[in-house]
Amino acid sequence: MLLDTIAAYGARDTLARLPDEVIHHAKRAFLDWLSALYPGTRTAPCLQLLGAHGAELGSGASSLPGCATTAFAATAAWINGSVSHAVEFDDIFRDAIYHPGCPTIAAALALAEEGDASGQALLNAIVVGYEISTRIGAAVQPSHYRYFHTTGTVGCFGSAAAAAALCAPGDAQVMLHALATAGTLASGLQQAFRSDAMSKALHAGHAAEVGVRAGQGAAHGITGVSDILEGKVGFGAALAQDPDWSVAVDGLGQRYNILSITQKNHGCCGHTFAAIDAALALRQQGLRADEVAAMRVDAYQTALDVTGNFSPDTAFEAKFSLPYVVAHALVHGSVRQDAFSPDRLHDPRVRQLMQRLELRADPVFTAGFPTMRAARLSVTTSDGQVLEHHSPYRKGDPESPLSDADLADKFDELAGPVLGRERARALREDVWRLDTMPVRALRLAADMPRL
């Protein structure tokens with residue numbers, strides 16, 4: 001069975017001395033997850049979730065960072081997983097069309113704190129969750145993404161693998177049954193992020209909670225179906241078309257996908273990034289927004305399907321509007337948190353520029369999806385010049401990764417306003433040395449968010 005091979009790997013790397021580079025990238029992933037989490041505590045659905053689970057808060061040892069309280073592990077994973085997906089700054093594994101950090105790290109952190117685990121154990125669990133889930137995700141794409149939100153579905157495998165790694169280190173049977181149970185609980189529909197609703201963020205939280213409960217249950221004898229992936233009516237048959245299960249084990253334990261994660265440089269949907277990068281490149285070359293007479297973005301079809309909204313009314317809709325974020329980049333020079341403030345959403349310069357934009361599906365880019373995330377921006381200026389920039393990949397992709405310094409700056413920008421500059425800096429430094437300290441020493445539940 002496929003899960004036998006996957007579980008054997010997971011049990012091994014739970015306890016292995018992993019390469020220094022792999023552990024460093026696990027720290028990068030954890031820091032980047034915190035960068036997305038902290039600003040999420042200041043927006044929906046964080047407040048709503050805290051209200052819904054008020055009776056549970058203050059119990060357990062699993063922190064709700066930025067909320068100055070704790071919960072039991074499954075509830076903490078549910079809330080933190082959702083909150084870390086809320087502001088669209090979470091990481092991506094491109095080949096799987098998947099945000100691995102939100103479900104995997106939310107589950108891993110909750111159980112590491114509950115069990116008073118070492119930072120090293122947490123980092124190993126994160127690696128195992130990333131490696132297993134990114135491969136399962138890549139095996140079912142691109143057909144899976146037609147109807148399903150991969151972070152909600154495949155994310156259940158990432159969180160379950162991380163949970164098993166912490167609940168029963170080195171036990172391949174617990175790993176197998178946690179993954180098998182998670183597979184049947186996987187869910188998350190594309191329709192949930194085609195409108196301004198909170199459901200999309202909840203997909204990540206649900207996946208994180210599923211993983212915690214699957215891992216805890218497996219550690220206490222709950223069994224799952226070992227052919228849940230490749231079975232005749234299993235995950236692949238139901239949620240994809242002709243999945244290639246060889247991808248799920250290709251390079252497993254030898255080539256680490258966590259080294260090839262995309263970390264976001266813009267605070268919106270990743271399908272828009274290559275076009276934003278092109279807009280910023282032309283702006284850097286001297287193009288002014290008021291010089292644009294007409295422009296066209298050529299991108300892959302999925303990018304247009306998900307982000308082709310020319311009339312976004314809310315911050316959520318604007319994050320999934322390629323016309324909005326490209327126009328904003330040309331007018332303001334970035335697409336960060338402030339791009340979705342009320343003043344920016346109704347900026348007449350941005351709205352006027354959006355109406356000069358045409359979107360077109362490029363057949364080469366479409367055929368290359370999901371491993372290729374290219375875009376081309378062509379601009380005709382008011383004096384008749386034609387300017388063009390082709391982005392074959394996105395800043396933050398493995399071909400052009402954010403440096404450690406970039407990630408530190410991103411963390412300071414996003415977490416600093418919540419934690420305060422000094423606390424943010426101290427936490428950032430602790431993350432870089434996490435393998436030398438217990439997870440509880442991070443004191444993540446002690447921080448009161450600034451209001």
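Let's start at a turn: β5 and β6 form a hairpin with four residues between them, and G384 in that turn has a positive phi of about 95°. Helices (H or I, at least four residues) and strands (E, at least two) are DSSP runs, numbered from the N terminus. This is a predicted model, so local features need pLDDT of at least 70 and side-chain atom pairs count only at pLDDT 80 or more, while totals for chains, interfaces and linings use all residues. Residues are numbered from 1 along each chain as its sequence is written, and side-chain values use heavy atoms, with hydrogens and water left out.

**The sheet**

- Four strands make up an open sheet with mixed pairing, in the order β4-β3-β5-β6. Two strands pair if DSSP finds at least two bridges between them.
- The edges are β4 (357-361) and β6 (386-391), each of which pairs on one side only.
- On average, and ignoring direction, neighbouring strands here are turned by 15° against each other. Axes are lines fitted to C-alpha atoms, for helices over the stretch in contact, and angles run from 0 to 180 degrees between N-to-C directions.
- β5 and β6 pair in the antiparallel sense over six bridges; R376, for example, has H390 in β6 as its bridge partner.
- β3 and β5 also run antiparallel, joined by seven bridges, and A299 is partnered with A375 in β5.
- β3 (residues 292-299) and β4 run parallel, with five bridges joining them. Look for D298, whose bridge partner in β4 is R360.
- Six of the seven residues of β5 are buried (under 20% relative accessible area, with exposed over 50%, partly exposed in between, 1.4 Å probe, protein chains only). That is why β5 is largely enclosed by the rest of the structure.

**Helices on the sheet**

- Helix α12 (residues 273-284) lies across β3, β5 (375-381) and β6, running at about 135° to β6.
- Helix α15 (residues 322-332) packs on the sheet too, touching β3 and β4 (contact means heavy atoms within 4.5 Å). The direction of α15 makes about 125° with that of β4.

**Helix against helix**

- Two packed helices are described by the angle between their axes and the distance between the axes.
- For helix α2 (residues 20-40) and helix α5 (residues 101-114), the angle is about 100° and the axes are 10 Å apart.
- That makes α2 roughly perpendicular to α5 (angles under 35 degrees count as roughly parallel, over 145 as roughly antiparallel, 65 to 115 as roughly perpendicular and the rest as oblique).
- From α2 come A29, F30 and W33, which meet G101, C102, I105, A106 and L109 of α5.
- The residues of this contact split into seven nonpolar, one polar and no charged. Here Ala, Val, Leu, Ile, Met, Phe, Trp, Tyr, Cys and Pro count as nonpolar, Asp, Glu, Lys and Arg as charged, and the others, Gly among them, as polar.
- Over in helix α1 (residues 2-15), the buried residues include L2, I6, Y9 and D13. Their cover includes α6 (119-139), α8 (155-167) and α9 (172-185).

**Cysteines**

- A search of the whole structure turns up zero disulfides (pairs of cysteine sulfur atoms within 2.5 Å).
- C46 has its closest cysteine sulfur in C67, 3.8 Å away, which is too far for a bond. C46 is buried, with a relative accessible area of 1%.
- C102 is in no disulfide either: the nearest cysteine sulfur, that of C156, is 13 Å away. C102 is buried as well, at a relative accessible area of 0%.
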